[in-house]
Amino acid sequence: WLKFRKVVVLNPGRERGVTAVIGDSGPANTSLTQFVGSPEVMRHAEIWSPDNQGHVMVLFVNDPTNRLPLGPFLLSYDYH
């Protein structure tokens, strides 16, 4: 049931996020990582950044009407 589900990948270390679709259920044994996304997901969420050391949050999204657009977004907010 994971295939073709939407997820939100959050990188709090770099204040980046991306909405993506799962194409398969996990990384290959040769990747040596817990999470592998497409090159676009890895680039937009800046998962390679040393600020977060490869740790990201992956949240499943229930979007049956397809209202949530795919793509990158920023997690910036004003504390004041």
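Two strands are taken to pair if DSSP finds at least two bridges between them, and strands themselves are DSSP runs of E, at least two residues long, numbered from the N terminus. On that basis, four strands form an open, antiparallel sheet in the order E3-E1-E2-E4. This is a predicted model, in which local features need pLDDT of at least 70 and side-chain atom pairs count only at pLDDT 80 or more, while totals for chains, interfaces and linings use all residues. Residues are numbered from 1 along each chain as its sequence is written, and side-chain values use heavy atoms, with hydrogens and water left out.

**Sheet**
- Strand E3 (57-61) and strand E4 (71-74) are the edge strands, each of which pairs on one side only.
- Strand E1 (residues 6-11) and strand E2 (residues 16-21) run antiparallel and are joined by six bridges, and valine 9 stands opposite valine 18 in E2.

**Lysine 6**
- Lysine 6, found in strand E1, counts as buried because its relative accessibility is 10%, where buried means under 20% relative accessible area (1.4 Å probe, protein chains only).
- The side chain of lysine 6 makes a polar contact with the side chain of asparagine 66 (2.7 Å), a polar contact being a pair of N or O atoms within 3.5 Å, of which, within protein, one must be able to donate a hydrogen and the other to accept it, and residues adjacent in sequence count only if both atoms are side-chain atoms.

Technical notes
Buried means under 20% relative accessible area, exposed over 50%, partly exposed in between (1.4 Å probe, protein chains only).
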